[in-house]
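Work through the exercises below with the sequence and the 3D structure at hand. Try each task before reading its solution.

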Amino acid sequence: RAIQCIQDSLGCILGAYSTTQRKILTGFVRERGGRAEAHLLGSRTRTACTTAAFANALLINTLDYDDIHEGHLGATAVAAAFALGEKADCTGRELIEATVVGYEVAARVGRALRMSADRRWIHGHGTWQTFGAAAAAAKALGLSSQKAAHALAIAGANAPVASVMKTV
């Protein structure tokens, strides 16, 4: 399934890449600046891995990529795995592993947030996607368990408060 999720994500990127979108994202990437660490997928443009992960996640989600789990985890897990995987010069296998770790962590956090009756109105994809992106990045970079725990703690401190159901 991980390979299928990666393929679907790449297909969404390529499908969403109109001339206008390419110009907008290329301008965004240039404006942000930074080291040329990772590609804006589907182009020759390279930028900082954080900017690449953000822009690639936007492209994946442009076609409303709805992958295999509630919460659309692929837009962030795959984008983070690709960006940090490129920076760390990951093999294909390591990229797949980082994607799987990102999905697994995000799905478990999502399930944990929805388990009680008190939390039945939480519908915060961004909350668990933040953890998935951090986990995928930590795996791609080969962080130690302590550094990976720190990355997840930082993700938790910065994860958005789920608010979608307040307006739905």
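**Exercise 1: a pair within one helix**

Glu104 and Arg108 are four residues apart in helix 5, so about one helical turn separates them. Helices here are DSSP runs of H or I with at least four residues, strands are runs of E with at least two, and both are numbered from the N terminus. The model is predicted: local features need pLDDT of at least 70, side-chain atom pairs count only at pLDDT 80 or more, and totals for chains, interfaces and linings use all residues. Residues are numbered from 1 along each chain as its sequence is written, and side-chain values use heavy atoms, with hydrogens and water left out.

Task: state what the side chains of Glu104 and Arg108 form, and classify the accessibility of each residue.

Solution. 
- Step 1. Recall that side chains of opposite charge can pair when their charged atoms come close.
- Step 2. Apply the rule: a salt bridge needs a side-chain nitrogen of Lys or Arg within 4 Å of a carboxyl oxygen of Asp or Glu.
- Step 3. Glu104 and Arg108 form a salt bridge, with an N to O distance of 2.4 Å.
- Step 4. Glu104 has 37% relative accessibility, so Glu104 is partly exposed. Arg108 is exposed, because its relative accessible area is 52%.

**Exercise 2: another pair in helix 5**

Task: describe the salt bridge between Glu97 and Arg93 and the accessibility of both residues.

Solution. 
- Step 1. The N to O distance in this salt bridge is 3.3 Å.
- Step 2. Glu97 and Arg93 are four residues apart in helix 5, which means a separation of about one helical turn.
- Step 3. At 29% relative accessible area Glu97 is partly exposed, whereas Arg93, at 65%, is exposed.

**Exercise 3: a pair across the chain**

Task: locate the two partners of the salt bridge between Glu37 and Lys87, and say whether Glu37 is buried or exposed.

Solution. 
- Step 1. The closest N and O atoms of Glu37 and Lys87 are 3.4 Å apart.
- Step 2. This pair links distant parts of the chain, 50 residues apart: Glu37 lies in the loop between helix 2 (19-32) and strand 1 (38-39), and Lys87 in helix 4 (residues 74-87).
- Step 3. Glu37 has a relative accessible area of 16%, so Glu37 is buried. Lys87 is partly exposed, at 44%.
- Step 4. By the salt-bridge rule, the count comes to four.

Note on methods: Buried means under 20% relative accessible area, exposed over 50%, partly exposed in between (1.4 Å probe, protein chains only).
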